[in-house]
Amino acid sequence: MTPLAIEHDLETVVRPSSDAPLTARSLSVVIPIYNEEEILRDTVTTVLAGLRPQDLDFYEIHLCENGSQDETLQIARKLEDECSEVRVLVLEEADY
């Protein structure tokens, strides 16, 4: 089976490798969010589904809100209330 290619907005493609097992005992995932109301819940659910079966001592997802003009922050706060692994950070000034 060919590894799934993960496209980024960079000029490179990251390819997960089954030859390099995960050796970290903890993991923090940081997701910048801006006007993501339509996909945020599905994104977090997908990331959590990928993290839960891993043999990690600790994992967390940081949603870094960045001045959204839609319901993104409200959805992020609901996810934070529903999932102990999710944290919301709010930047006062929109920036990566």
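Asn-35 counts as partly exposed because its relative accessibility is 32%, where partly exposed denotes the range between buried, under 20% relative accessible area, and exposed, over 50%, for a 1.4 Å probe and protein chains only. The model is a predicted one, in which local features need a pLDDT of at least 70 and side-chain atom pairs count only at pLDDT 80 or more, whereas totals for chains, interfaces and linings use all residues. Residues are numbered from 1 along each chain as its sequence is written, and side-chain values use heavy atoms, with hydrogens and water left out. Asn-35 is placed in the loop between S3 and H1, the elements being DSSP runs numbered from the N terminus, with helices (H or I) of at least four residues and strands (E) of at least two. The phi of Asn-35 is near 50 degrees, a positive value in a residue other than glycine. Most residues other than glycine have a negative phi.

The secondary structure of the protein consists of two helices and five strands, which follow one another from the N terminus in the order β-β-β-α-β-α-β. Of the 96 residues, 25% count as buried. Among the contacts (heavy atoms within 4.5 Å) with a separation of 6 or more, 68% are accounted for by residues 24 or more positions apart.

Confidence is expressed as pLDDT, the predictor's confidence in each residue on a scale from 0 to 100; the mean for the protein is 83, and 73% of its residues reach 70 or more. Among the elements, H2 has the highest mean pLDDT, 98, while strand S1 (residues 6-7) has the lowest, 44. Over residues 1-13 the pLDDT is below 50, and this stretch has 12 contacts in the model beyond near neighbours in sequence.

With residues up to four places away in sequence not counted, Leu-79 touches Leu-40, Arg-41, Val-44, Leu-63 and Val-86.

The axes of H1 and H2, taken as lines fitted to C-alpha atoms over the stretch in contact, with angles from 0 to 180 degrees between N-to-C directions, come within 10 Å and cross at roughly 35 degrees. H1 passes H2 in a right-handed crossing, a term for the case in which the near helix is turned clockwise from the far one by less than a right angle. From H1, Leu-40, Arg-41 and Val-44 meet Thr-72, Ile-75, Ala-76, Lys-78, Leu-79 and Glu-82 in H2. By class, this contact has five nonpolar, one polar and three charged residues, with Ala, Val, Leu, Ile, Met, Phe, Trp, Tyr, Cys and Pro counted as nonpolar, Asp, Glu, Lys and Arg as charged, and the others, Gly among them, as polar.

Thr-72, which lies in helix H2, counts as buried because its relative accessibility is 0%. Leaving aside neighbours within four places in sequence, Thr-72 is in contact with Ile-33, Asn-35, Glu-36, Glu-37 and Leu-40, and its C-alpha atom is separated by 7.0 Å from that of Tyr-34, 38 residues apart along the chain. Glu-37 is placed in the loop between S3 and H1 and, at 33% relative accessibility, counts as partly exposed. Beyond residues up to four places away, Glu-37 touches Asp-70, Glu-71, Thr-72 and Ile-75, and the C-alpha atoms of Glu-37 and Ile-75 are separated by 6.9 Å.

On the strands, Val-29 is found in S3 and His-62 in S4. Val-29 touches Val-47, Leu-51, Glu-60, Ile-61 and His-62, residues up to four places away not being counted, and its C-alpha atom is separated by 9.5 Å from that of Val-86, 57 residues apart along the chain. His-62 counts as buried at 16% relative accessibility; apart from neighbours within four places in sequence, its contacts are Ser-28, Val-29, Val-30, Ile-31, Arg-87 and Leu-89. The C-alpha atoms of His-62 and Val-30, 32 residues apart along the chain, are separated by 4.7 Å.
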